[in-house]
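Visitor: Could you take me through how helix packing and salt bridges are read in a structure such as this one?

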Amino acid sequence: MAERRREGALLTTAAQIVVRIRAERELSMSSLAVLAGVPTSTISRIESGQVEPTLGMIRRIALGAGYHLHLQYYDLFSGKLEDHVVGARSAERPGTAGGA
């Protein structure tokens with residue numbers, strides 16, 4: 001990882017995203033795994049770069065920790081920068097006030 005993390009910097013790898021989620025929520029790997037409903041080994045393998053998870057897995061981990069994903073990508077055909085919000089916790093867990 002040649003890119004240095006700065007406050008507000010874009011995260012470009014799955015490992016960076018999962019590490020940031022854990023740090024911000026002050027979670028252990030096993031705590032995040034329980035919240036996301038995945039094995040602890042999955043969190044470990046993602047963070048170490050041994051596996052590149054699917055977008056669905058990153059979403060599941062983010063939602064488990066109380067985040068939603070906001071994707072920004074460049075459409076090569078239209079030449080536009082596109083935004084897409086992927087899921088919200090309140091939609092995933094009915095009955096939670098304010099999505100928390």
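**Reading a buried charge and its partners**

Guide: At 14% relative accessibility, Glu-47 counts as buried in this predicted model, because the cut-off for buried is under 20% relative accessible area.

Visitor: In which element does Glu-47 lie, and which residues does Glu-47 touch beyond those up to four places away in sequence?

Guide: Glu-47 lies in helix α3, and, leaving aside residues up to four places away in sequence, Glu-47 touches Ala-15, Val-18, Val-19, Arg-22 and Met-29.

Visitor: How many salt bridges does the structure hold?

Guide: A salt bridge requires a side-chain nitrogen of Lys or Arg within 4 Å of a carboxyl oxygen of Asp or Glu, and the structure holds two salt bridges. Glu-47 forms one with Arg-22, the closest N and O atoms being 2.5 Å apart; this pair links distant parts of the chain, with Glu-47 in helix α3 and Arg-22 in helix α1, 25 residues apart. Arg-22, at 18% relative accessibility, counts as buried.

Visitor: What separates Arg-20 and Glu-24 in helix α1?

Guide: Arg-20 and Glu-24 form a salt bridge whose closest N and O atoms are 3.9 Å apart, and, being four residues apart in helix α1, they are separated by about one helical turn. Arg-20 is buried, with a relative accessible area of 17%, whereas Glu-24, at 44% relative accessibility, counts as partly exposed.

Key: Residues are numbered from 1 along each chain as its sequence is written. This is a predicted model: local features need pLDDT of at least 70, side-chain atom pairs count only at pLDDT 80 or more; totals for chains, interfaces and linings use all residues. Side-chain values use heavy atoms; hydrogens and water are left out. Helices (H or I, at least four residues) and strands (E, at least two) are DSSP runs, numbered from the N terminus. Contact means heavy atoms within 4.5 Å. Buried means under 20% relative accessible area, exposed over 50%, partly exposed in between (1.4 Å probe, protein chains only).
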